[in-house]
Amino acid sequence: MLNYPFLGVLLASLLFFSCNKEEAATRKTNSSDQPAATTKAKSDDVIRVGAVFAMTGPIATYGQESVNGINLALKKINAESIKGKRIELIVEDNKGEPAESANAVRKLIDIDKVDVILGAVASSNTLAGAPIAQNQKVPLITPASTNEKVTQTGDFISRTCFTDNFQGVVMAKFAASTLQKKNAAIIIDNASDYSKGLASVFKDEFKKLGGTIIDQNFTYTQKDTDFRSLLRRVKRANPDVIFLPGYYTEVGLMLKQAKQMGINTPFLGGDGWDSPKLQELAGPEGVKGNYISSHFSADDKDEKVQAFVKDYVDNFGAKPGAMAALGHDGMLVLADALKRAENFNAESIKMAINSTKGFVGVTGSITIDENRNARKSAVVLETKPSGMSFKQKVSP
Amino acid sequence: MSEEFVFFLYDIATYLLNGITQGSIYALIALGYTMVYGIIKLINFAHGEFYMIGAFIGFYLITSGMPFVPALLIAMIGSGLVAVLIEWIVYRPIRSAGRISALITALGTSLFFQYAGQRVLGADPKAFPQAIKVKTYQIGEIYITNTQIIIFVSTILLMIFLWWLVNKTKIGKAMRATSFDMKAAQLMGINTNQIISFTFFVGAAFAGAAGVLVGLYYNTVEPMMGMIPGLKAFVAAVLGGIGIIPGAVIGGLVLGIAENLVVGLWVSTYRDAIAFAILILILLFKPAGILGENKKEKV
């Protein structure tokens with residue numbers, strides 16, 4: 001009997017250490033060509049950029065795509081130096097969770113002593129980390145969080161994507177004028193600031209355009225898997241269009257179950273749907289005939305976009321989604337700001353970021369406005385079994 | 001009957017149908033909880049993880065081209081073996097150390113599997129392959145899919161098998177004896193260690209079956225998938241009367257149906273809150289669970 005516990009401890013410790021090593025390897029600096037820095041001390045020729053993204057968890061494809069995009073941009077940036085300095089990227093996984101995002105931001109500031117932070121994707125995650133960056137006066141750029149509240153945290157927080165005020169209006173207009181719909185149901189993810197924010201903008205704008213919103217509380221929570229009874233209730237309310245601002249994991253399951261329950265009403269969503277996993281989870285039947293607003297379309301004929309798509313495919317073997325493009329542009333905007341900054345202290349980096357004007361990236365022309373939000377165009381995409389296809393471009 | 005009333009009946013039927021499907025899954029997981037509790041008084045919080053492991057074994061087998069039924073059986077055996085191993089490495093050495101130690105060990109084992117799973121298998125949800133083409137049948141306004149029918153039928157078949165195993169076989173008799181009085185069973189020549197291993201095996205195999213069925217039903221698997229269903233199955237087991245096999249089935253179905261009625265007729269936000277409030281109410285009036293007093297059937 002004595003050797004049982006010993007065996008258990010041995011096994012557990014073996015596993016633990018093998019995990020840790022691997023983790024350390026993936027966590028260490030991701031800078032494109034230099035070996036990982038072993039000391040935490042600041043060296044003079046390096047600008048440390050922390051990246052907080054969901055590399056695992058329910059929105060993992062977003063984090064992975066973003067970091068791919070960032071690395072692609074970084075390769076170009078580090079090919080030439082910024083005033084003799086090179087950018088070093090330190091990636092932290094927030095698992096798509098707010099609490100983990102706050103931890104990651106704290107770690108990057110306290111331990112890695114980063115100069116700037118990029119991240120995160122989901123608004124609830126960024127909202128959890130942003131106040132820490134603001135308090136510690138470390139500039140934070142989110143390439144993809146669209147909730148209004150994110151940049152209201154303070155002057156050190158900015159974004160290089162549009163906001164839900166714009167995205168919600170785009171979809172409401174699309175529903176009312178392009179699709180000619182009159183009666184919308186809204187299904188909200190209760191655990192998501194993004195979902196709630198987008199829903200309320202859509203609601204106001206759709207009403208303004210003469211539509212009605214079914215006044216019922218259709219909600220779910222992240223990580224739910226069974227939506228059949230909820231969908232039944234939605235179906236009975238008889239909408240002619242359903243707005244579903246959620247993330248692809250739950251949306252995919254919901255679209256599939258909706259088809260099985262005989263719901264043929266079109267669903268509309270936001271950039272939270274824009275992942276290749278959506279097609280996988282919803283299946284070809286579920287995904288057909290729905291529309292989303294997003295930041296970027298790989299079908300865009302623009303030269304710059306096509307060059308990016310080609311570069312991305314060469315490096316990662318898949319077409320880039322919106323998050324890859326946003327990560328890429330976020331990194332480029334940051335590099336551009338660093339070039340313009342008087343020196344590399346937080347105050348001047350912040351000033352340089354916030355005064356970005358007309359920077360042309362693959363997601364369009366980026367101008368940071370007085371509220372530190374990017375003013376730029378959106379695209380409406382149709383979801384098809386083969387992927388997202390370009391429908392129209394909407395400028396602010 | 002007015003048209004509104006007919007539709008109301010369709011609604012109720014839909015919610016009941018969804019509730020029974022979800023409840024069947026809870027019941028399959030709850031069986032393992034209740035069997036293990038019945039035999040060694042351990043609340044095995046790692047039980048939800050056997051469900052996850054079953055789902056992943058099924059996922060990899062079906063992805064590599066195996067048909068559904070053999071994949072289901074191998075997944076059941078696979079998660080059963082993992083459970084036997086865990087019982088041998090983790091639970092057996094501390095069996096005499098008291099119930100709190102065992103409970104904490106179980107929680108630790110559960111977390112170990114969840115996080116090791118995220119590291120080894122990847123934390124993103126994976127799309128479960130469509131092993132059986134989904135067909136939807138429509139009766140009036142009620143939509144029922146063949147996957148729902150498969151879940152329901154498999155659950156019933158597994159229950160009948162379990163009933164036969166426990167009540168009609170020699171090993172079942174030994175299980176009942178061990179559960180009734182372990183010391184006395186030992187004195188009568190029953191190898192109780194073997195019986196406990198076997199109980200873990202059967203319980204985990206059922207959870208593994210539930211995992212594969214859920215993969216088929218929702219088309220998604222991920223390493224944390226065992227957490228919530230595991231908790232709910234535990235509640236179902238307690239609700240039905242922990243240690244009592246038919247109680248687990250009734251508890252699971254009651255919980256599944258309650259949840260879906262709340263979502264359908266009321267507000268989905270309160271699904272878990274109200275479902276659990278119902279449970280608290282039932283337990284206030286029947287602290288031993290729905291089938292609580294019937295001690296003879298416990299295993």
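Student: How many residues of domain 1 of chain A are in contact with domain 2 of chain A?

Tutor: In domain 1 of chain A, 21 residues are in contact with 20 residues of domain 2 of chain A, contact meaning heavy atoms within 4.5 Å. This is a predicted model, in which local features need pLDDT of at least 70 and side-chain atom pairs count only at pLDDT 80 or more, while totals for chains, interfaces and linings use all residues. Residues are numbered from 1 along each chain as its sequence is written, chains are lettered from A and ligands numbered from 1 in the order in which they are written, and side-chain values use heavy atoms, leaving out hydrogens and water.

Student: Where are the two domains in chain A?

Tutor: Domain 1 covers 39-162 + 304-377, and domain 2 covers 165-294; the bounds come from an automatic or database domain assignment.

Student: What area is buried between them?

Tutor: About 1600 Å² is buried, and carbon and sulfur atoms give 51% of that. Buried area is the accessible area (1.4 Å probe) that two parts lose on being put together, summed over both. A:Pro58, A:Tyr62 and A:Phe162 supply 33% of what domain 1 of chain A buries against domain 2 of chain A, more than any other three residues.

Student: New topic: how many salt bridges does the rule find across the interface of the two domains?

Tutor: The rule finds one across that interface. A salt bridge is a side-chain nitrogen of Lys or Arg within 4 Å of a carboxyl oxygen of Asp or Glu.
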